[in-house]
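Open the model in your viewer and keep the selection panel at hand. The tour moves from one selection to the next.

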Amino acid sequence: MTSRIRDVDEPIPDALLPVLRDLRATCGVRPDLREETPLWGGERVLMLFAPDGSGVGLRLGVAGSPAEQVADLADQVQEWAVEALWGQGLPAVWPECPEHPGTHPLTATVADGVATWSCPHTRTPVAAVGHL
């Protein structure tokens with residue numbers, strides 16, 4: 001299964017692509033990604049919607065290095081995924097820590113200039129974001 005992308009006129013930001021790759025590869029809930037214009041106007045907003053219709057907007061263009069931008073988006077998408085999994089009655093752990101299955105998700109960090117999923121307890125890097 002792939003994420004549905006509807007009503008997205010602009011290219012998806014490069015920093016979001018590896019996060020979406022991980023989500024498609026390892027999450028039991030698929031997002032519906034849509035571009036929307038806020039009611040108050042302004043820049044475009046990319047929204048992730050869950051099957052139950054709930055959605056969350058992603059903060060795009062956050063300052064920092066490219067790796068920090070990927071890690072920031074990974075953190076935002078992780079929050080969406082945990083809520084979406086819970087809403088579907090699935091274990092609300094994404095991405096799951098392989099060192100401690102069923103207990104906690106990995107944390108998006110930056111290590112040596114690379115956005116990385118790491119165990120929050122041992123700080124052990126598991127994979128670069130986009131390579132789960």
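Start with strands E5 and E6. Strand E6 covers residues 114–118, and E5 pairs with E6 in the antiparallel sense over five bridges. Strands and helices here are DSSP runs, numbered from the N terminus: at least two residues of E for a strand, at least four of H or I for a helix. Two strands count as paired if DSSP finds at least two bridges between them. Select Val110 next; Ala115 in E6 stands opposite.

A note on the source. This is a predicted model, in which local features need pLDDT of at least 70 and side-chain atom pairs count only at pLDDT 80 or more, while totals for chains, interfaces and linings use all residues. Residues are numbered from 1 along each chain as its sequence is written, and side-chain values use heavy atoms, with hydrogens and water left out.

The three strands form an open sheet in the order E5-E6-E7, with antiparallel pairing. Strand E5 (107–111) and strand E7 (125–128) are the edges; each has a single partner strand, so one side of each lacks a neighbour in the sheet. From one strand to the next, the twist averages 45°.

Bring in helix H2, residues 66–87. H2 packs on the sheet and touches E5 and E6. Contact means heavy atoms within 4.5 Å. The direction of H2 makes about 175° with that of E5. Axes are lines fitted to C-alpha atoms, for helices over the stretch in contact; angles run from 0 to 180 degrees between N-to-C directions.

Go to the loop between H2 and E5, where Pro95 is found. Check the bond from Trp94 to Pro95: this peptide is cis, with omega about -20°.

Next, the loops between the strands. Asp112 lies between E5 and E6. Its phi is near 55°, positive in a residue other than glycine. Asp112 is exposed, at 83% relative accessible area. (Exposed means over 50%, buried under 20%, partly exposed in between, with a 1.4 Å probe and protein chains only.) Move on to Arg123, in the loop between E6 and E7. Arg123 also has a positive phi, near 65°. At 66% relative accessibility, Arg123 is exposed.

For Cys97, the nearest cysteine sulfur is that of Cys119, 3.8 Å away. Cys97 is buried, at 0% relative accessible area. Cys119 is buried at 1%.

How values were computed
Disulfide = S-S within 2.5 Å.
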